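Student: I should like to understand how the terms used for a protein model follow from its computed values. Could we work through some examples together?

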Amino acid sequence: MRRILVAGNWKMNANQAMVSSLLSDIVAGSPDKVDVAVFPPAVYLSQAIAALQNTSIAVGGQNINANVSGAYTGEIAANMLVDIGCSMALVGHSERRTLFGETDQDVLAKVQAALAAQLTPVICIGETLEEREQGTTEQVIANQVNAVLEGLSSDQLAKCVWAYEPVWAIGTGKTATPDQAQQVHQFVRQLLAAKDAEVAQKVRILYGGSVNPQSAADLFAQADIDGGLVGGASLKAEQFLAICNSVNE
Ligand code: PGA
């Protein structure tokens with residue numbers, strides 16, 4: 001049985017006061033029936049980790065560099081996140097892919113760096129609107145997933161979380177329908193199963209893209225949707241908690 005994971009991707013938002021109030025509300029209101037994680041901007045990670053001490057809420061970075069250390073000005077290594085108390089990292093978010101030119105090869109290198117540091121990578125994949133309209137969604141997804149799978153053992157795959165985030169649904173208010181999302185999630189699980197059928201049943205695949213309190217319940221009820229990667233709605237405690245609470249026990 002896969003436990004639902006609701007993860008908040010704060011992107012480049014928040015300040016110290018907001019970190020403090022948002023997290024105290026989340027601590028007070030998050031239900032035991034789901035796993036919860038937050039991904040604040042790097043400068044607020046330590047503050048978030050301190051605020052979430054003695055809770056089961058995980059903290060993760062939004063990005064890592066694939067190298068262990070060295071002359072990479074402005075970058076952060078996976079082992080540094082672990083050092084301060086993070087347990088997860090987003091890898092290959094579509095904003096990183098489009099705005100910062102991350103390739104599938106970069107994504108694989110970062111996934112391997114995360115795993116080497118004992119950090120759970122949340123590997124983001126998804127097609128653009130153009131790709132969906134051209135009917136190439138499955139091809140695009142297969143390329144993104146297989147580029148990572150080729151470099152992983154079954155044991156490593158078991159330690160990953162995936163997030164399907166159709167690019168056209170991110171920050172647009174346009175959520176994929178539960179059926180649309182389920183179709184791709186099932187396809188992703190088939191791709192994972194080609195590597196290891198048993199592990200594929202245990203790996204969580206989150207949906208992301210304008211998840212809100214209204215859409216969450218139907219999405220999370222789908223057979224292959226194991227939670228959400230929530231952007232905009234994760235910045236408001238009330239909305240984020242409503243999403244966490246929309247999970248059926
Ligand atoms: P959104 O972002 O919920 O604001 O669409 C999701 C994400 O980019 O992870």
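Tutor: The following dialogue takes several terms in turn and sets each against its cut-off. Please keep in mind that this is a predicted model.

Student: Let us begin with Asp226. Why is Asp226 called buried?

Tutor: Buried means under 20% relative accessible area. Asp226 has a relative accessibility of 3%, and therefore it counts as buried. This residue lies in the loop between α11 (216-220) and β8 (227-230).

Student: What makes the pairing of the side chains of Asp226 and Arg189 a polar contact?

Tutor: A polar contact requires a pair of N or O atoms within 3.5 Å, one able to donate a hydrogen and the other to accept it. The side chains of Asp226 and Arg189 make such a contact at 2.7 Å.

Student: Which residues are in contact with Asp226, leaving aside its neighbours within four places in sequence?

Tutor: They are Arg2, Arg3, Ile4, Leu5, Arg189, Val203, Arg204, Ile205 and Leu206. The word contact is used here for heavy atoms within 4.5 Å.

Student: Now consider Asp25 in helix α1 (residues 16-29). Why is Asp25 called partly exposed?

Tutor: Partly exposed covers the values between the 20% limit for buried and the 50% limit for exposed. Asp25 has a relative accessibility of 40%, so it counts as partly exposed. Apart from neighbours within four places in sequence, Asp25 is in contact with Ala237 and Leu241. The C-alpha atoms of Asp25 and Asp155 are separated by 36 Å, and these residues are 130 apart along the chain.

Student: How do you know that the length of helix α7 agrees with its number of residues?

Tutor: The expected span is 1.5 Å times one less than the number of residues. Helix α7 (residues 137-149) has 13 residues, so it should span 18 Å; its end C-alpha atoms are 18 Å apart, which agrees. The buried residues of α7 include Thr137, Val140, Ile141 and Leu149.

Student: Let us turn to the pockets. What is the volume of the largest pocket, and which residues lie nearest its centre?

Tutor: The largest pocket holds about 560 Å³ of space. Its lining has 22 residues, and Lys11, Met12, Gln62, Asn63 and Arg96 lie nearest the centre. Helix α4 (residues 94-99) gives the largest share of that lining, three residues. By class, the lining has eleven nonpolar, seven polar and four charged residues.

Student: How does the lining of the second largest pocket divide by class?

Tutor: Eight of its residues are nonpolar, three are polar and five are charged. This second largest pocket has a volume of about 320 Å³. Of its 16 lining residues, Met1, Arg2, Ile4, Val247 and Asn248 lie nearest the centre.

Definitions and conventions. Residues are numbered from 1 along each chain as its sequence is written. This is a predicted model: local features need pLDDT of at least 70, side-chain atom pairs count only at pLDDT 80 or more; totals for chains, interfaces and linings use all residues. Side-chain values use heavy atoms; hydrogens and water are left out. Helices (H or I, at least four residues) and strands (E, at least two) are DSSP runs, numbered from the N terminus. Buried means under 20% relative accessible area, exposed over 50%, partly exposed in between (1.4 Å probe, protein chains only). On a 1 Å grid over the protein atoms alone, a cavity is a set of points where a 1.4 Å probe fits but cannot get out, and a pocket is an open set with protein on both sides within 12 Å along at least five of seven lines; lining residues have an atom within 4 Å of a point. Grid points are joined across faces, edges and corners, and a volume is the space filled by probe spheres set on the points. Ala, Val, Leu, Ile, Met, Phe, Trp, Tyr, Cys and Pro count as nonpolar, Asp, Glu, Lys and Arg as charged, and the others, Gly among them, as polar.
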